[in-house]
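Visitor: I have a protein model open and I am new to this. Could you show me how to read it?

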Amino acid sequence: MAFNGHQCDDESIDEDETPTKQPRSNKEMPGCFINEPKNEAAASAGRATSDRRTSNSTARQRSDSVKKTRPPFPWFGMDIGGTLVKLVYFEPKDITAEEEQEEVENLKSIRRYLTSNTAYGKTGIRDVHLELQDLTLCGRTGNLHFIRFPTHDLPAFLQMGRNKHFSSLHTTLCATGGGAYKFEADFRTMADLQLHKLDELDCLIRGVLYIDSVVSSGPSECYYFENPTDPDRCIQRPYTLENPYPLLLVNIGSGVSILAVYSESNYKRVTGTSLGGGTFLGLCCLLTGCSTFEEALEMASQGESTRVDKLVRDIYGGDYERFGLPGWAVASSFGNMMSKDKRESVSKEDLARATLVTITNNIGSITRMCALNENIERVVFVGNFLRVNTLSMKLLAYAMDYWSKGQLKALFLQHEGYFGAVGALLELLHPS
């Protein structure tokens, strides 16, 4: 399938090209050689020269073919989620002097705006620490930028695109996520853009595998927590995701989807839950009066969930061990809030921490059951719920290790919630 009339797939280009056919002798092409070689050495030299010319010609044809088939700049991929819009932008760094002269002002303006700022308006953020430099995509070398903003601010993004005349450069954007369907009409009416809608699970898996394959310097893309059940010895360690299959991929966004992945093209959605990042933020807004994810996490980091939750030891007293349960385990999330005295003694920070623990424990419990059912020992957690959320990552690592007696390893990825957008960008450049 070609996207918007463009196809940029190195394998398909190689297959479609017809190499320059060389004559077996000068008799087949009269006048090809003015003078016949006088000896074998001369003949060999002539053939070598001819081969070099053929090789150079084929290389030029391949380069020209890539130029003609790749889409025009700018290159974007979008993932429009229920809470956040994730945007990846490829900034070419190998622009020639000729290209720069021919480049229209609209394209220069968009590139300057996106790469010279780290914040856009009041809520748009470019995650500079995630930028990938010197990538080669579709024959071009450049940097990959990662940008996010709340979904409720999408109209401002569309207005910006309209002001910068984005539709004069592109008529279609590759997008995934529920918002690609919900806001399709807005893209058309407000920004004069069509959305090429993509399956979000396909994009997620494609993005995860691609990013892990290209990150070769700096922090490892994949990591885990060593000694997760010992807070004093729990440290982050890099993990090489070689021969990754099978793996359980847990995507924690506004809600949660759990996928069993057996190869890039062989996967299934095992289950999911509506209790995800959107639930955490929504409940925190109700219980504490906070308004942002970062504010909710900051409150949670200062709270104590055991003042809110009823633990196993609170129910069984000191006799819990004969049931094979640890006393610190949560028996009833928010169970202590049935008591008026305890309600009056808890802080907003305690409530935020208990909310975070409740959501995270629920995700961990469902994930463990799925791993057992699918007989998979490697679990990769991704999604924007984990952004700057070390508390939840350590809780998940603890839960996987403790309840599986060390059989399940919880893995995490640096680019957390951007993989769907990366998958959309790859579909733009290498249509499947």
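Predicted model: local features only at pLDDT ≥ 70, side-chain atom pairs only at ≥ 80, totals over all residues.

Guide: Start with one term. Two residues are in contact when heavy atoms lie within 4.5 Å. Take threonine 288, leaving aside its neighbours within four places in sequence. Threonine 288 is then in contact with Met299, Lys348, Leu351 and Ala352.

Visitor: Where does threonine 288 lie, and is it buried or exposed?

Guide: Threonine 288 is part of helix H9. Buried means under 20% relative accessible area. Threonine 288 has 6%, so it counts as buried. A polar atom of its side chain also lies 2.6 Å from the backbone oxygen of cysteine 284.

Visitor: How many helices and strands does the protein have?

Guide: There are 15 helices and 17 strands. The protein has 432 residues, and 45% of them count as buried.

Visitor: How do I check a helix?

Guide: Helix H8 covers residues 200–214, which is 15 residues. At 1.5 Å a residue H8 should span 21 Å, and its end C-alpha atoms are 21 Å apart, so the two agree. Next, look at the N-terminal end of H8, which aspartate 199 caps. A side-chain oxygen of aspartate 199 lies 3.0 Å from the backbone nitrogen of leucine 201. Several residues of H8 are buried, including Leu204, Ile205 and Val208.

Visitor: What about nonpolar side chains?

Guide: In soluble globular proteins, they tend to be buried together. Here the largest nonpolar core has 68 residues, and Phe187 and Leu249 have the most contacts inside it. Another core lies apart from it, with 38 residues, among them Phe280, Phe293, Met299 and Phe385. Go back to leucine 249, leaving aside neighbours within four places in sequence. Its contacts include Leu204, Ile205 and Val208. Those three residues are buried in H8.

Visitor: Which peptide bonds should I look at?

Guide: The bond from phenylalanine 73 to proline 74 is cis, with omega near 5°. Proline 74 sits in the loop between helix H2 and strand E1. Tyrosine 245 and proline 246 are joined by a cis bond too, with omega about -10°. Proline 246 is in the loop between strands E10 and E11.

Visitor: And the backbone angle phi?

Guide: Look for positive values at residues other than glycine. Aspartate 134, in strand E5, has a positive phi of about 60°. Its relative accessibility is 59%, so aspartate 134 counts as exposed. Histidine 165 has a positive phi of about 55°. Histidine 165 lies in the loop between helix H5 and strand E7, and is partly exposed at 46%.

Visitor: Where is serine 274 found, and what does it touch?

Guide: Serine 274 is in the loop between strand E13 and helix H9. At 59% relative accessibility, serine 274 counts as exposed. Not counting residues up to four places away in sequence, serine 274 touches Ser254, Gly255 and Thr279. Now compare sequence with space. Serine 274 and isoleucine 363 are 89 residues apart along the chain, and their C-alpha atoms are separated by 10.0 Å.

Notes: Residues numbered from 1 in each chain as written. Heavy atoms only, no water. Helix = DSSP H or I, 4+ residues; strand = E, 2+ residues; numbered from the N terminus. Expected span 1.5 Å × (residues − 1). Buried < 20%, exposed > 50% of the residue type's maximum accessible area, 1.4 Å probe, protein only. Polar contact = N/O pair within 3.5 Å; in protein donor to acceptor, adjacent residues only side chain to side chain. Core = buried A, V, L, I, M, F, W, Y, C linked by side-chain atoms within 4.5 Å.
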